[in-house]
Amino acid sequence: MLNAKAAPAFREVEGRRVVNKGIPDTLPIGRALAIARFGILGERASLAIQIAIGTVSRRRGVVGMRSEDYRPYSSDPQIYVWYQPPAFRKTADKMQSESAHQVPLVGWVAGAIDALERLRDQDSDGWLFLVDARGGSTPKRPHMSEGVLNKNMDAMPGVHGALSPHALRRAFGSYGSLVGGFAKGEAKMILDHLEGEGDDVTRGHYDLDPRIARKIEMMNWWTGWLDEQCAAAIAADPMLSDMEALRQAIYIERYGADAWEAKLKKTRET
């Protein structure tokens, strides 16, 4: 339940959801996770979107993941710890840091990692989202572009902007404080804002305590909360349980209603 003093994310006004300023709406986030879990956007892209949502991480870091970047947590091998390389972190540039940012991968996020490992070729050099060379040409980068995730997220009906890095991270901080029991500044330990509250250079460079146990608690809450939003979104819209209806909605979102009608006409004529 929300804290009695906290404003809800939205209110009903004449049957419409009106989002309160500063607090992200939960419904589009739940819809996004439901669509990603369907796998309709492609297996690897769908798993990448789930990891981005479940870790509140930037897309560039997700598509650049390699097997060497994470390892089982010593106290629970079903949990992984993702050591995000400095090259994928904004604060690493700001602080001239060469250390990795540690984010626990728990529950269904760890399951997504396991699924990607099963899909990964032995000659992938560890890349989870390896790009295959086409026509003998060498790709600019060995892994999937974040643009692929952008296009797939934009094609999710009813999601529109809810998965932008800023919006998703704001949801984590807002709801973590409102319902997740996060103390002031704690969300920054996951969001990589100098590993905690404040702009202390010493903390940014030399704090070797990853506070991993607390991070695991926070991520267990976040993934559980996301499950609740996913279930609520499916209950609110039966289309999210209908693969054909969802496939049609995604096609229309990508190419427009006229293109869908043309596709149907061509199918009837063949």
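Analyst: Helix H5 (residues 107–119) lies across E3, E4 and E5 and runs at about 80° to E4. This is a predicted model, in which local features need pLDDT of at least 70, side-chain atom pairs count only at pLDDT 80 or more, and totals for chains, interfaces and linings use all residues. Residues are numbered from 1 along each chain as its sequence is written, and side-chain values use heavy atoms, with hydrogens and water left out.

User: Why do strands E3 and E5 stand at the edges?

Analyst: The open sheet has the order E3-E4-E5, with antiparallel pairing. Strand E3 (70–73) and strand E5 (101–105) each have a single partner strand, so one side of each lacks a neighbour in the sheet.

User: What makes E4 and E5 a pair?

Analyst: Pairing requires at least two bridges found by DSSP; strand E4 (residues 76–84) and E5 have five, in the antiparallel sense. Gln84 stands opposite His101 in E5.

User: Why is Ala187 called buried?

Analyst: Buried means under 20% relative accessible area, exposed over 50%, and partly exposed in between (1.4 Å probe, protein chains only). Ala187 has 11% relative accessibility and therefore counts as buried. Beyond four places away in sequence, Ala187 touches Phe172, Gly173, Phe182 and Met218.

How values were computed. Helix = DSSP H or I, 4+ residues; strand = E, 2+ residues; numbered from the N terminus. Contact = heavy atoms within 4.5 Å. Axes fitted to C-alpha atoms, helices over the stretch in contact; angles between N-to-C directions.
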